[in-house]
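Colleague: I would like to learn how to read a few features of a model. Could you take me through them in turn?

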Amino acid sequence: MTVPPVELDDLADPAAGFPQATREQWRTLAAEVLRKSGWDGSPDEAEAALTSTTYDGVAVAPLYDAADLPAAPGAAREGRGPGPWDVRQRHADPDPAATREAIHADLENGVTSLWLDLNAIDPAALPAVLDGVLLDLAPVVLDAGPRTAEAAEHFLRLAGGVALPGGNLGADPIGLAARTGVTVDTGTAVALARRCAADHPGLRAITVDALPYHDAGGADAEELGCSVATGVAYLRTLTGAGLTAEQAFGQLEFRYAATADQFLTIAKLRAARRLWARVAEVTGVAGAPARQLQHAVTSSAMMTVRDPWVNMLRTTVACFAAGVGGADAVTVQPFDACAGLPDAFARRIARNTQSLLVEEANVARVADPAGGSWYVERLTDDLAARAWEWFREIERAGGMAAALERLVPERLAATRARRADNLAHRRDPITGVSEFPDLKERPVSRRPGPGLAVTSVSGGGLPVMRYAEEFEALRDLADAQPSRPTVFLATIGPVAAHTARATFAANLFAAGGVATVTSGPGTDPAAIAAAFLDCGTPVACLCSSDRLYGEHATAVAAALREAGAHKVWLAGKGEYEGVDVTLYAGCDALGVLRATFDDLGVSR
């Protein structure tokens, strides 16, 4: 076969020769597909029907084109630039010898900076913990909460005259107030910022930690707005204490959560830079000092105790998004962090996740690889707009410290309630917990300790939310029973008729640690009731097709009642005599499980 020559001009436009597609044509085709599921709307309504909304109220459309591209992406692209990001590993083992061993293992195998939780590690142990670490090569970030001044003194004494290549002393009085409810006191932050500006130009003094707002259930724009308001508060304090605006900007590092929602994380980090660039513009600061230094940490809220191996997938996606989003430093939390102090294997997987993305996948070779994407640019722009609006609301309330008294907790509480409702209804699924749980899994056991990057709450601090905790509490309760709580699935008709709903029901009950036993195919009420008696449980659930429900549901429910069933559920929708409640996609799964525990006589 002869292949005709290809001119270079033919490759300039891959769409050349194809008819021009329009958004209207897409809407027409989308409407045709939607109608097959029972939707009854016009093509002009198809796009709205497929549009979802984030917790911030940002619309996520099913289709984007050039019309969605903001006029000037601007500062969103001024991120890390091409090249690897800083692989930062967190350490929180109170045993100095164990921490020192883990630090050396990390630094010898790909980690490039250290994050020390000195709420767990005694600051006085820093010389032992950092013994053998070359402080002129490995930046160190401190996180000491109320002991920041003490920790900084120990560290700076240890560093001596070493020219530190980076790092942060971790002063964050507003973040501490958000975590613990203590009164904001900026004295330590100011003193350390002056010291760093004068004697340690490579070291920063202050961390603007946005994790407390994420961990409290907040949405992305809420996290961003709180971080900008906190940063502005620190700028005012530092310049009021005599630092120049450029010096004040140079003392701040921002910390954000990276989640398994890839595109929202990418857009959040890009929006954060845009917002901070606007602050720099207003204050007249330009160039390197104006660029926001970002530390992204894989979300603690998304981590699970149950089926912790899935956490490896969550953190891989989050790390990818953080790298693509332009974070300067990334911390991947070990998959077993919810169980306690991570073991050596989990720490190895955490750092190798980053090594793979940087060295093998080459994610870091391109600056802002998502830049120019119609979807990402629009999402970045919308997030930035929502965050700026929230920031201005905080400013009108008197600034971040004042807003922590009422405005911020109330706003986060409202978002947390909506998030909790979506989790309960499994509209926000958690793989391995609320979806596809494994009742045969062996729990992971680790030494007790602060495995997750969440400071303990005391007093009036913001609450800490972990998305899986309500389901996992029921799993723990089920596991603690002498025998596993069980529900009988009355599978009516042939296998093809009941498989889908039986699988749905079994998955829902398993999310609370409840096992299921099926009756097998058939429609005879007496045979199904006999199988129910053999099961020895007072709770049953009918599973079949709508057609067979119409023919047999009432009779089967009556037979089950006569055999001693206290509660008869039905997988699907519809009202049938003898059926108490129906289970369906989007139902209150937590409510169903709690009611099932009550029906089974399990005390909660």
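**Rings, cysteines and a helix**

Modeller: Phe254 and Tyr256 are both buried. Keep in mind that the model is predicted.

Colleague: How do Phe254 and Tyr256 pair, and at what angle between the planes?

Modeller: Ring planes under 30 degrees apart count as stacked. Phe254 and Tyr256 are a stacked pair, with 15° between the planes and 6.3 Å centre to centre. The two also belong to one aromatic cluster with Phe249 and Trp276.

Colleague: Which parts does the pair of Tyr549 and Tyr576 tie together?

Modeller: Tyr549 is in helix 21 and Tyr576 is in the loop between strand 14 and strand 15, so the pair links parts 27 residues apart in sequence. Tyr549 is buried, at 0% relative accessibility.

Colleague: How many disulfides are there?

Modeller: A disulfide is a covalent bond between the sulfur atoms of two cysteines. Here the count is zero. The cut-off is 2.5 Å between sulfur atoms. For Cys587 the closest cysteine sulfur, in Cys541, is 9.8 Å away, too far for a bond. For Cys319 the closest is in Cys338, at 18 Å, again too far.

Colleague: Is Cys319 buried or exposed?

Modeller: Cys319 has 0% relative accessibility, so it counts as buried. Cys587, at 5%, is also buried.

Colleague: What span should helix 8 have?

Modeller: At 1.5 Å a residue, the 13 residues of helix 8 should span 18 Å, and the end C-alpha atoms are 18 Å apart, which agrees. Its buried residues include Leu192 and Cys196. The buried residues of helix 8 pack against several elements, among them helix 6 and helix 10.

Notes
Residues are numbered from 1 along each chain as its sequence is written. This is a predicted model: local features need pLDDT of at least 70, side-chain atom pairs count only at pLDDT 80 or more; totals for chains, interfaces and linings use all residues. Side-chain values use heavy atoms; hydrogens and water are left out. Helices (H or I, at least four residues) and strands (E, at least two) are DSSP runs, numbered from the N terminus. The expected span of a helix is 1.5 Å times one less than its number of residues. Buried means under 20% relative accessible area, exposed over 50%, partly exposed in between (1.4 Å probe, protein chains only). Contact means heavy atoms within 4.5 Å. Rings of Phe, Tyr and Trp (its six-membered ring) pair if their centres lie within 6.5 Å; planes under 30 degrees apart count as stacked, over 60 as edge-to-face and the rest as tilted.
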